[in-house]
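Biologist: Could you take me through this model, and tell me what stands behind the terms you use?

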Amino acid sequence: MVFIIAEAGVNHNGSLDLAFKLIEVAKQSGADAIKFQTFKSEKVISKFAEKAEYQKETTGENESQLEMVKKLELSYNDFIKIKERCEKLNIMFISTPFDLDSVDFLNDLNVDIIKIGSGDVTNHLMLKRIAKTGKKVILSTGMSNMEEVKNSVNCLIKNGCSNLSILHCVSCYPTNHDDLNLKCIKSLHDQFKIPIGFSDHTTGFKASVYSVCLGAEIIEKHFTLDKNMVGPDHRASLNPEELEKFISEIRECEVMMGDGIKRCRPN
């Protein structure tokens, strides 16, 4: 079955209570896992960094990238509670670390999977630290070319990663259909012969369903409690009703795909 990750990201707006509600929605929707982002803002963002254009549109221009992200930061203690809540509800907890201390924290927290965001594809210092945890790794590949992905994969494997999956990703929020290039899913599979998935940043979910037809084994999709909430990613996310429909459509697509063996069916 396709492994479906409900991407909470920073759509908790820095609130532990909202994070708990997101976990409940992900579980009720039938997702296999929920993913968050673990970071210490000052370690990864310059105080001079501007917001991305889509962030200016969704949160205004009167604050810096650092000021915005600081409001979206959860503490390590919060993540301990989040993982405990995930375990209680029987849904896998995954997170993307954005700094080395957060890699070590997630390793100590004994997560099953560490997700590498597209921004760190060429950050080999980060890749080495993650690989040496021995955890299963999922690597997003937005904003990269095949040569960069090859170098990243080699770095991970060389430093101890033995269970790796790759996500095709386009790092636009939202992504236009003519930018999707979904055939890259097959290209990545032909190149690496490992599980390939799709990190979907489109506003709907047809692209994710189509990606299953192209062989995607992992799907990651942002969701929120309410698209009208203040924050950078809410507008490009699915609401709870859409998330449930999204997962249902993927499961239906899997049934339609069958097993690929040409033979007379009982019917």
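Modeller: Gladly, and let's start with helix H4, which gives the largest share of the lining of the largest pocket, three residues. This is a predicted model, in which local features need pLDDT of at least 70, side-chain atom pairs count only at pLDDT 80 or more, and totals for chains, interfaces and linings use all residues. Residues are numbered from 1 along each chain as its sequence is written, and side-chain values use heavy atoms, with hydrogens and water left out.

Biologist: What makes a residue part of a pocket lining?

Modeller: A lining residue has an atom within 4 Å of a point of the pocket; the points sit on a 1 Å grid over the protein atoms alone, and a pocket is an open set with protein on both sides within 12 Å along at least five of seven lines. The largest pocket has a volume of about 860 Å³. Its lining has 31 residues, and Gln37, Tyr54, Phe98, Gly119 and Tyr173 are the closest to the centre.

Biologist: Which elements each supply at least two residues of that lining?

Modeller: They are strand S2 (33-38), helix H3 (53-59), helix H4 (65-70) and strand S8 (218-222). Helices here are DSSP runs of H or I with at least four residues, and strands are runs of E with at least two.

Biologist: Why is Ser140 called buried?

Modeller: Buried means under 20% relative accessible area, with a 1.4 Å probe and protein chains only. Ser140 has 2% relative accessibility, so this residue counts as buried. Ser140 lies in strand S5 (residues 136-140).

Biologist: What does the side chain of Ser140 make a polar contact with?

Modeller: The partner is the side chain of Lys115, at 3.0 Å. A polar contact is a pair of N or O atoms within 3.5 Å; within protein, one must be able to donate a hydrogen and the other to accept it, and residues adjacent in sequence count only if both atoms are side-chain atoms. Leaving out residues up to four places away in sequence, Ser140 also touches others, including Leu167, Ser199 and Glu220, where contact means heavy atoms within 4.5 Å.

Biologist: How do you know that both faces of S8 are covered?

Modeller: Ile218, Glu220 and His222 on one side are buried, and so are Ile219 and Lys221 on the other.

How values were computed:
1 Å grid on protein atoms, 1.4 Å probe; cavity = no way out; pocket = protein on both sides within 12 Å on 5 of 7 lines; lining within 4 Å. Points joined across faces, edges and corners; volume = space filled by probe spheres on them. Buried < 20%, exposed > 50% of the residue type's maximum accessible area, 1.4 Å probe, protein only.
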